[in-house]
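The sequence and structure come first.

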Amino acid sequence: MNRIELVIYGLFPTNFSTCAPCCPSDYFYECDKDPRVWLDEYPVNIRYNQDILSIFLSNLSTYLPYLDIKIISADSLKGFFYAIRYRLPSSLTVIINGKVFKDPMNQLTEIKRYLHELIINYVEPTK
């Protein structure tokens, strides 16, 4: 079965859970603390990217069974390679099977249309 590779690239918060000192995890997994407390410490553009990421994925909820989603932070080694390969700035960008969509919230309709076309032509849902 083919799945559509959807890469979301940008600067995102990199917090670690302190709930279990032996196993830190990315983001805010099973913590008692409110994630907004940690997010307030980040610059506005990084908090904006986190909010847009949540909204963007909510808008694509009908396509989720067909997608292989990867979130790549621009300040990681993998992000560096993506930046070189696709000539990306650190701003939020969506890459779908190699096609680049900069400013994804303004191109949401075009992204959905492209995903729909890919799904019709190439992909079967997961079971």
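Is Glu5 buried, exposed or partly exposed? Glu5 counts as partly exposed because its relative accessibility is 27%; buried means under 20% relative accessible area and exposed over 50%, with partly exposed in between (1.4 Å probe, protein chains only).

## Basis

This is a predicted model, in which local features need pLDDT of at least 70 and side-chain atom pairs count only at pLDDT 80 or more, while totals for chains, interfaces and linings use all residues. Residues are numbered from 1 along each chain as its sequence is written, and side-chain values use heavy atoms, leaving out hydrogens and water.

Four strands make up an open sheet with mixed pairing, in the order 2-1-3-4. Strand 2 (67–73) and strand 4 (99–102) are at the edges with a single partner strand each, so one side of each has no neighbour in the sheet. Strands are DSSP runs (E, at least two residues), numbered from the N terminus, and two of them pair if DSSP finds at least two bridges between them.

Strand 1 (residues 4–10) pairs with strand 2 in the parallel sense over seven bridges. Val7 stands opposite Lys70 in strand 2.

## Salt bridge

A search of the whole structure finds one salt bridge (a side-chain nitrogen of Lys or Arg within 4 Å of a carboxyl oxygen of Asp or Glu). Lys70 forms a salt bridge with Glu5, and their closest N and O atoms are 2.9 Å apart. Since Lys70 is in strand 2 and Glu5 in strand 1, the pair ties together parts 65 residues apart in sequence. Lys70 counts as partly exposed, at 27% relative accessibility.
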